[in-house]
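Hi,

Here is the structure I promised to pass on to you. Please have a look at it first, and then read on for what turned up.

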Amino acid sequence: MPLPKPPTKLGSLLKAPAASALKSGQAPADASAAPTAVAAAPAARADAMPGRGLPGARRAPGKPRQPTAVVASTPAVVDRPAPGRAVEPPSPRPAPRRAAKSASEPSKLFVLDTNVLMHDPTSLFRFEEHDVYLPMVTLEELDGHKKGMSEVARNARQASRELDALVAGVEAGIEQGIRLDHSGHREARGRLFFQTRAHDARLPEALPQGKADNQILGVLQALTQAFPERSVVLVSKDINMRVKARALGLNAEDYANDKTLDDADLLYTGLMALPDDFWDKQAQSLESWQQGGQPFYRLQGPLVAAMLVNQAVYWEAPNATALYARVKEIRASTAVLQVVRDYTHPKNSVWGVSARNREQNFALNLLLDPEVDFVTLSGQAGTGKTLLALAAGLHQVLEERRYNEIIITRVTVPVGEDIGYLPGTEEEKMSPWMGALDDNLEVLNQSGTTNHGGEWGRAATQELIRSKVKIKSMNFMRGRTFLNKYVIIDEAQNLTPKQMKTLITRAGPGTKIICMGNLAQIDTPYLTEGSSGLAYAVDRFKGWKHSGHITLARGERSRLADYATEIL
């Protein structure tokens, strides 16, 4: 097929060749050479002039057409032959690698829903080389949610500040597109476009035109029709809106950049089962010694590559002594294992509580280790997370005097309907949310360790415990610093990654933080198992020598609770 002659005038450069390139899928040499350039390579964006292909954008003078674009456009034209014509072979001249990639992998145009910006204010910069489009109704909704002290209002204000920083200093019209790395976010290589004119979109009559979601769908439909060769995708946290978009034949995706894991089953468990032939393979290279009354082992080999510091490892076999250890140190292909203390034996009970399975035993070893500053415990209901954390806290506060007091907090997200305002002080307002604390304190108060002195002794012990346990609200945590405190964050699965960071960074010298939660019981809207703050903390802290994680697997609450967990 003969190639078109290159234009000789500036006016010709901005006319028909751009439309033909859009329909045929060929890539212009420069992003400014055609206002509808939908297949510009990410690298070509950095020097692209404003005026890329969005409706209503002004045409800016383009750069001279480069020979590489002519070569790259040849296969694109051949790929779509006219009906009844034979396919001509591509040009024998080899096209440069970058130009070929731009023709085969056009960048996408992502249309953002308002809830994405309110969920993650920095979501504008999470789309790498692709472009971002904001409908006018998105800005209107963002402006309507910026008032208040809630997390949503704070995120709306931060998103507005990010937009203001992008718009500031832009001399040309914003309808030409704004480079997303303009404000210093180098990871974003695309451009930001605003809706600058109304679109003639025809949605089904059953969809009310005045609703904000339907207006965004109208913009999405108009952009999809205007750029048939470019992938235009709606990004929304609203499930129903994504379903409506797909029902209309439009592309829609969930915002997944904030997800730590796509599958919660892949979350780090903190446990590792050693192979059955572990002792046979390590017989020649294994070293052992005693230090401080604790046995240590040094092993080598490919097994070390799968280990992390403070990971619990175990070896069990019939008619053989089991091994329960913790990875203490890793250097190259060598790992040091420390045999953990056996808290399943009654003589090693902690505040009258003994471990009932190997996971609880590993958890108590982490909770009682002064070198471990951050512990995360996850597991289903009834596995003993709160009881173990409280028992270890009381032991270290009242007996070892390692910490001054226990501070307990949690997210106040109701399971059902909200009961309304609560009277009293901060601690009185939090007391209805702390039913699990009261239940576990009752169990600990009735344990064998606190029965000395009869009824009077138990009452005195209960008063002592109450004086050392403080209940705090998360709403007043910002700006605080905890010194020598034992902090328990309950129901941590309902925290966002940002809230989790806020709480963990409150720790001062000598403070230990314990996060507990069940990823199967998330009540916070827009949070999933993969985007929960608990999963975020587990994934980011794994392998640090001052942190540890254990997933408790077996329920120990009662046979009724265990059976209900399995069948319901």
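Strand S13 (residues 374-379) runs parallel to strand S17 (residues 512-517), and 5 bridges join the two. Please keep in mind that this is a predicted model. Within the pairing with S17, Val375 has Ile514 as its bridge partner. S13 also pairs with strand S18 (residues 547-552), again in the parallel sense, over 6 bridges.

How many of the residues of S13 are buried? The count is 6 of the 6, so the strand is largely enclosed by the rest of the structure. In a regular strand the side chains alternate between the two faces of the sheet. Here, Phe374, Thr376 and Ser378 point one way, while Val375, Leu377 and Gly379 point the other way, and all are buried.

The other thing to look at is the largest nonpolar core, which has 41 residues. Those with the most contacts inside this core include Leu394, Ile406 and Ile550. Helix H13 (residues 385-399) gives the most to the core, with 8 residues. If you leave aside neighbours within four places in sequence, Leu394 is in contact with Trp351, Glu399, Ile406, Leu441, Leu444, Ile465 and Val469.

For the overall picture, the protein chain has 19 helices and 18 strands, and 46% of its 568 residues count as buried. Of the contacts with a separation of 6 or more, 68% are between residues 24 or more positions apart. The accessible surface comes to about 28,900 Å², with 52% of that belonging to carbon and sulfur atoms.

Best wishes

How values were computed: Residues are numbered from 1 along each chain as its sequence is written. This is a predicted model: local features need pLDDT of at least 70, side-chain atom pairs count only at pLDDT 80 or more; totals for chains, interfaces and linings use all residues. Side-chain values use heavy atoms; hydrogens and water are left out. Buried means under 20% relative accessible area, exposed over 50%, partly exposed in between (1.4 Å probe, protein chains only). Helices (H or I, at least four residues) and strands (E, at least two) are DSSP runs, numbered from the N terminus. Two strands pair if DSSP finds at least two bridges between them. A nonpolar core is a set of buried Ala, Val, Leu, Ile, Met, Phe, Trp, Tyr and Cys residues joined through side-chain atoms within 4.5 Å. Contact means heavy atoms within 4.5 Å. Accessible areas come from the Shrake-Rupley method with a 1.4 Å probe; for residues, only the protein chains shown count as cover.
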